[in-house]
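Reader: I'm new to reading protein models. Could you walk me through this one and tell me how you reach each conclusion?

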Amino acid sequence: AAMAARCRLAARFHHIHGTNIRLDASHTQATRVESFANGLCFSQEPLAPGQIFLVEIEEKELGWCGHLRVGLTAHDPQSLEVVPEYSLPDLVNMGDTWVFAITRNHNRVVVEGEEVQARGSAWEPFLLIERVRIPRDTLVGRSRPSRYSHILDDLYKMNVLPATARRSRIGVLYAPQPDGTADMHIVINGEDMGPSARGLPTTRPLYAVIDVFASTKSVRVIPVDYGFPSLQTLCRLVIQKHIVHRLAIDGLDLPPLLKSYCQHE
């Protein structure tokens, strides 16, 4: 229960962020309102070992070069005198920060002799990273907004997006190692990219870093349930079951934050 509560707290953006970022009332959507920089965001709480911080790209902006940047930092956002303009190189140059740019063709590096699973084939229901077990379906971004049509359900499941596309889902987590350090993993649409950085300190709190940079204009945090679904998730499923389409949620007599949660799974 304590772990679940901590995960829910971390599945929001910190109130400390770049000068061009605007958060919605729930602190789950971050939008860069001008320029292409000063879009740095952090998780509201430090991540627990194996806990993924997952975001979905909601809006793109043409005319800029570069895409979303993600990673981890051991700096408490509250301690920053000024939020850096860029995650790369500004925040990284402060030390104890590991950030990578997501590219259009970003994909997992295949080890020699490893078999590559074809996109669109039947995936395992859980993604395994070290000893971490995450429900894969939540991690995968797809172009259709939801799965209300049983006729298109198989197509929906196969329709995995490119890394930087709208509705693509990108997450970051750290996996503790036997030597007391941790490896950072980036997950793109349900695929583990492998260790992006090694030797991270586990003795200090690690916050997720999301840089809403250049052509990425807006992202939303996607909460991930570990094990049994939360009461919040069960309520959302009941509401969605009794409507024709998620757009109908706007007409329901529900609090705005609950409407937002039901519309974004």
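**Working through the model**

Author: Start with burial: 48% of the 265 residues in the chain are buried. Keep in mind that this is a predicted model. The chain has 6 helices and 13 strands, and it exposes about 13400 Å², with carbon and sulfur atoms supplying 56% of that.

Reader: Why is S26 called buried?

Author: The cut-off for buried is under 20% relative accessible area. S26 has 15% relative accessibility, so it counts as buried. You'll find S26 in the loop between β1 (21–23) and β2 (29–32).

Reader: What makes the link between the side chains of S26 and D24 a polar contact?

Author: The limit for a pair of N or O atoms is 3.5 Å, and one must be able to donate a hydrogen and the other to accept it. The side chains of S26 and D24 are joined at 3.0 Å, and those of S26 and T28 at 2.6 Å.

Reader: Which residues does S26 contact beyond its neighbours within four places in sequence?

Author: R12 and L257. Contact here means heavy atoms within 4.5 Å.

Reader: What about the chain as a whole: how much of its contact comes from residues 24 or more positions apart?

Author: Take the contacts with a separation of 6 or more: residues 24 or more positions apart account for 68% of them.

Reader: How do you know that β3 and β12 pair?

Author: Two strands pair if there are at least two bridges between them. β3 and β12 (residues 207–211) have 3 bridges, so they pass, and the sense is antiparallel. For one of the residues involved, C41, the bridge partner in β12 is I210.

Reader: Which sheet do they belong to, and what makes a strand in it an edge strand?

Author: They sit in an open sheet of 4 strands, in the order β3-β12-β5-β6, with antiparallel pairing. The edge strands are β3 (40–42) and β6 (97–101), each pairing on one side only. On average, neighbouring strands of this sheet are turned by 20° against each other, direction ignored.

Reader: Why is β4 described as largely enclosed by the rest of the structure?

Author: Because 6 of its 8 residues are buried. β4 also has antiparallel partners: 4 bridges join it to β9, and 5 bridges join it to β13.

Reader: What makes a group of residues a nonpolar core, and which members of the largest one touch the most others?

Author: The members must be buried, belong to a set of residue types such as Val, Ile and Phe, and be joined through side-chain atoms within 4.5 Å. The largest core has 32 residues, and F13, F53, I186, I210 and V219 touch the most other members. Several elements give two or more residues to this core, including β4 (53–60), β5 (69–73) and β9 (169–176). The largest share, 4 residues, comes from β10.

Reader: Which residues does I186 touch?

Author: Leaving out residues up to four places away in sequence, its contacts include V70, F100, I102, I170 and M193. There is also a second, separate core of 11 residues, with I52, I129, L139 and V187 among them.

How values were computed:
Residues are numbered from 1 along each chain as its sequence is written. This is a predicted model: local features need pLDDT of at least 70, side-chain atom pairs count only at pLDDT 80 or more; totals for chains, interfaces and linings use all residues. Side-chain values use heavy atoms; hydrogens and water are left out. Buried means under 20% relative accessible area, exposed over 50%, partly exposed in between (1.4 Å probe, protein chains only). Accessible areas come from the Shrake-Rupley method with a 1.4 Å probe; for residues, only the protein chains shown count as cover. Axes are lines fitted to C-alpha atoms, for helices over the stretch in contact, and angles run from 0 to 180 degrees between N-to-C directions.
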